[in-house]
Amino acid sequence: MANVAVVGAQWGDEGKGKLVDWLSERADVIVRFQGGHNAGHTLVVDGEVYKLSLLPSGIVRKGKRSIIGNGVVLDPWALVAEIEKLSKQGVVATPETLGIAENTPLILPVHRDLDQMREAAAGKAKIGTTGRGIGPAYEDKVGRRAIRVADLADPATLETRIDRLLAHHDALRKGLGAEPVDRAALKAELEAIAPQILPFACAAWKEMSEHIKAGKRVLFEGAQGALLDVDFGTYPYVTSSNTMAGMASPGAGIGPNGIDYVLGIVKAYTTRVGEGPFPTELDDAVGQRLGERGHEFGTVTGRKRRCGWFDAALVRQTCTQGGVSGIALTKLDVLDGFEELKICTGYMLDGKEIDHLPIASEQQRRVEPIYETMPGWSDSTEGARSWADLPAAAVKYVRRVEELIGCPVAILSTSPEREDTILVTDPFAGR
């Protein structure tokens, strides 16, 4: 049996929620391996809508084990709020169904403060963060001053961690014109939240090893998308972690040989939230139509997403960088009714044709997309569950996408409903 990593292959918002939920029904263990509560998944199960930010998608499935890995930065107050919200929908998280890696770093109020102060001070140079403290928390992790889940159970260590943390943050706050952190209040907040978090703490790396040795199916769930990767994304308009499948290894405490199949989630057109370059963006009626038909608003922020034609050059790039085995193509139905469709196959930069997005920010802004035009289709693809249900032009579009990105379509999604899915290749069967 194969272990599967699911990652976004664009700028996030590709429809991972539905696909992860669809796969999690067949998995035994579902692990979230990076990011924070700045990303959201919307699940629709038997007509019930669940909106998740931190909890792995398997939490809504009975008999599944969900784990928040150490690659995540965890806001304990946001987690408790999410658990409480789900409980009102009949989903109860217990230490048997949910585990949190004991070495997971915490997002604290000081991180949210710093995030928001920096964005406000940056003016036109802002990068469009969600203001939830994700970046500052990752900074403290690599700066070796983070407070981690296990520290909540060790008063002496917690004291030392707070001192080291505030020595850094108070200096930053002073430079930004803010008052020092109230140390006593921070400590009191941590002591108050600890009993609600510690029951879930576990040695996730050890547990993961046991699951894999036992032959259980493990689903590794990423957040955001490959183009927001801190190394390979459109830097600096990126998130603060590695968003590609390779992060599942250190982010969950397993070796790289623990991942057998990488499923890249790809939307049939392109969207982006926030600042940053977007070569195929459409500031016209077509872009507005894509946004309206695709209901393109952020699950977490509610921000309107920017929309554009499918960028095959970008997805070809992310599939190569991320070792994607096959893609799940989502929201094909949003393209229903267009007379013609365009696909970006490469770019022009200063009069020269290139086949990938350059790494330099100014060059990224200057590229012009090279388009290939294809006929659209008038018949509906919504709800299709077999190739025979699709218009011929839609099938040609999907096949052309495969050719251009150099990666096969493993799954085709034709609506938000989980059953409206065409399975071409079973990811759990391996490569």
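A residue counts as buried here when its relative accessible area is under 20%. By that cut-off Cys407, at 5%, is buried. Keep in mind that this is a predicted model.

**Gln34 and its surroundings**
- Gln34 sits in the loop that links strand E2 (29-32) to strand E3 (41-45).
- With a relative accessible area of 0%, Gln34 is buried.
- Its side chain has a polar atom 2.4 Å from the backbone nitrogen of Ala223.
- The Gln34 side chain also makes a polar contact with the side chain of Ser241, at 2.9 Å.
- Setting aside neighbours within four places in sequence, Gln34 is in contact with residues including Gly71, Val72, Tyr138, Gly222, Asn242 and Met247.

**Nonpolar cores**
- The largest nonpolar core has 55 residues, and the ones touching the most other members are Phe220, Phe310, Ile327, Leu332 and Tyr397.
- Helix H12 (residues 392-405) is the top contributor to this core, giving 7 residues.
- There's also a second, separate core of 36 residues, with Leu54, Val80, Ile100 and Ile193 among them.
- In soluble globular proteins, nonpolar side chains tend to be buried together.

**Cysteines**
- You'll find 0 disulfides in this structure.
- For Cys407, the closest cysteine sulfur belongs to Cys319 and is 4.3 Å away, so the two are too far apart for a bond; a disulfide would need the sulfurs within 2.5 Å.
- Cys202 is buried too, with a relative accessible area of 12%.

Conventions
Residues are numbered from 1 along each chain as its sequence is written. This is a predicted model: local features need pLDDT of at least 70, side-chain atom pairs count only at pLDDT 80 or more; totals for chains, interfaces and linings use all residues. Side-chain values use heavy atoms; hydrogens and water are left out. Helices (H or I, at least four residues) and strands (E, at least two) are DSSP runs, numbered from the N terminus. Buried means under 20% relative accessible area, exposed over 50%, partly exposed in between (1.4 Å probe, protein chains only). A polar contact is a pair of N or O atoms within 3.5 Å; within protein, one must be able to donate a hydrogen and the other to accept it, and residues adjacent in sequence count only if both atoms are side-chain atoms. Contact means heavy atoms within 4.5 Å. A nonpolar core is a set of buried Ala, Val, Leu, Ile, Met, Phe, Trp, Tyr and Cys residues joined through side-chain atoms within 4.5 Å.
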